[in-house]
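Biologist: I'd like to learn how to read side-chain features in a model like this one. Could you walk me through a few of them?

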Amino acid sequence: MRLGVTQRIYYYEAYDEYWECLDSRLYTFLRECGFESIGLSCTQSAEDILEICDGIVLSGGNDIGTYKQRDIFEHNLIACALNRHKKILGICRGMQMIAAFFGSKLKRSSHAIGYSHELQGVFNHRVTSFHNYTIDSLPYSFSILASVDNEIEAIENGKSLGIMWHPEREVDQKTRNIDKQVITSFFRGDMI
C-alpha cells in the first residue's frame with residue numbers, strides 16, 4: 001500500500017526559499033508499518049496524487065494559518081480522498097486539519113510542548129505531544145478514541161483517523177508497537 005505524506009513548509013530566509021520537508025523518522029515509521037510512502041508537495045494536484053496513492057497521511061508541523069498554500073492543499077486533499085473513498089491519517093496538525101474540514105474550531109492547548117501523558121479512552125498508552133492547539137469540539141460523525149485533561153487526543157470515523165501525538169518520535173518500544181498496530185489496522189480496514 002502506498003501512502004502520500006504531506007510535508008511541513010519551512011522558510012529559509014537566507015535564500016528567500018520555501019522548503020517542503022519532513023522528519024525522515026516518519027518515513028521509517030510508515031515502512032515499519034508495512035507501507036510505502038512518498039512525500040507530497042502542495043504544488044501538486046490532489047486528483048493526480050490520489051491516482052497513485054492508496055491513502056493519505058497529513059503530517060504535523062506548521063500551525064494552521066501559518067502557510068495558506070499548505071492549508072488549501074490539505075483541504076483539497078481531504079475532500080478528494082473522501083470522494084475517492086481513500087483513508088486519511090492525520091498526525092498532530094493533520095488531526096486538526098481533519099477536524100477543521102468537518103467544522104470544528106481550534107483552541108490553545110493547556111499542555112506544554114513535549115508533554116508526556118497517559119491517554120484515556122480506547123487508547124490508553126503513554127505518548128508525548130508537541131502541539132500548540134487542540135480541537136475545541138468533536139466533529140460530526142467522529143468518535144473520541146482518546147483524551148487527556150479534557151483535550152481530545154484521537155478521533156476517527158472509519159474513513160479518517162486523527163492522533164495528536166507523533167508516532168515517529170516515540171522512543172518507547174511498547175508505545176511504537178501500539179501505534180504501529182493502530183495505524184496498520186486503520187489502513188487495512190480492521191481497526192477496533
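**Reading side chains, step by step**

Modeller: Happy to. Let's begin with a network of salt bridges that links Arg 70, Asp 71, Glu 74 and Arg 93. Please keep in mind that this is a predicted model.

Biologist: Which residue forms a salt bridge with Glu 74, and how far apart are the closest N and O atoms?

Modeller: The partner of Glu 74 is Arg 70, with 2.9 Å between the closest N and O atoms. Both residues belong to helix H3, where they are four residues apart, about one turn of the helix.

Biologist: Is Glu 74 buried or exposed?

Modeller: The general idea is to look at relative accessible area: under 20% is called buried and over 50% exposed. Glu 74 has 0% relative accessibility, so it counts as buried. Arg 70 is buried too, at 1%.

Biologist: And Asp 71, which residue does it form a salt bridge with?

Modeller: Asp 71 forms one with Arg 93, the closest N and O atoms lying 2.8 Å apart. This pair links distant parts of the chain, since Asp 71 is in helix H3 and Arg 93 in helix H4, 22 residues apart. Asp 71 and Arg 93 are both buried.

Biologist: How many salt bridges does the structure hold?

Modeller: Nine. One of them joins the side chains of Arg 126 and Glu 118, at 3.7 Å from N to O. Here Arg 126 counts as partly exposed because its relative accessibility is 41%, and Glu 118 is partly exposed at 38%.

Biologist: Let's move to rings. What describes a pair of aromatic rings?

Modeller: Two things: the distance of the centres and the angle of the planes. A search of the whole structure gives 10 aromatic pairs. In one of them, the ring centres of Tyr 11 and Tyr 18 are 4.7 Å apart and the planes are at 40°, so this pair is tilted. Tyr 11 is partly exposed, with a relative accessible area of 27%, whereas Tyr 18 is exposed at 52%.

Biologist: Why is the pair of Phe 186 and Phe 187 edge-to-face?

Modeller: Planes over 60 degrees apart count as edge-to-face. The planes of Phe 186 and Phe 187 are at 65°, with the centres 5.1 Å apart, so the pair falls in that class. Phe 186 is buried at 2% relative accessible area, and Phe 187 is buried at 6%. Phe 186 also has Lys 87 lying over its face, at 4.8 Å from the ring centre.

Biologist: Which ring has the charged end of Arg 108 over it?

Modeller: The ring of Tyr 133, with the charged end of Arg 108 sitting 5.0 Å from its centre.

Biologist: Which residues do ring pairs link into a cluster?

Modeller: Tyr 10, Tyr 12, Tyr 15 and Trp 19. On the surface, Tyr 10, Tyr 15 and Trp 19 form a nonpolar patch, and together they have about 360 Å² of accessible area. Tyr 15 is placed in the loop between strand E2 (8-12) and strand E3 (17-21), and it is exposed, with a relative accessible area of 56%.

Biologist: Where is Gln 7 found?

Modeller: Gln 7 is in the loop between strand E1 (2-5) and E2. Gln 7 is buried, at 14% relative accessible area, and its side chain reaches the backbone oxygen of Leu 40 at 2.8 Å.

Biologist: What is the phi of Cys 92?

Modeller: About 55°, again positive although Cys 92 is not a glycine. Cys 92 sits in the loop between strand E6 (87-91) and helix H4 (93-101). Cys 92 is buried, with a relative accessible area of 5%.

Terms used
Residues are numbered from 1 along each chain as its sequence is written. This is a predicted model: local features need pLDDT of at least 70, side-chain atom pairs count only at pLDDT 80 or more; totals for chains, interfaces and linings use all residues. Side-chain values use heavy atoms; hydrogens and water are left out. Rings of Phe, Tyr and Trp (its six-membered ring) pair if their centres lie within 6.5 Å; planes under 30 degrees apart count as stacked, over 60 as edge-to-face and the rest as tilted. Buried means under 20% relative accessible area, exposed over 50%, partly exposed in between (1.4 Å probe, protein chains only). A charge sits over a ring if NZ of Lys or CZ of Arg is within 6 Å of the ring centre and within 35 degrees of the ring normal. Patches are made of residues with over 30% relative accessible area and no salt bridge: like charges are joined within 9 Å, nonpolar side chains (Val, Leu, Ile, Met, Phe, Trp, Tyr) within 5 Å. Accessible areas come from the Shrake-Rupley method with a 1.4 Å probe; for residues, only the protein chains shown count as cover. A salt bridge is a side-chain nitrogen of Lys or Arg within 4 Å of a carboxyl oxygen of Asp or Glu. Helices (H or I, at least four residues) and strands (E, at least two) are DSSP runs, numbered from the N terminus. A polar contact is a pair of N or O atoms within 3.5 Å; within protein, one must be able to donate a hydrogen and the other to accept it, and residues adjacent in sequence count only if both atoms are side-chain atoms.
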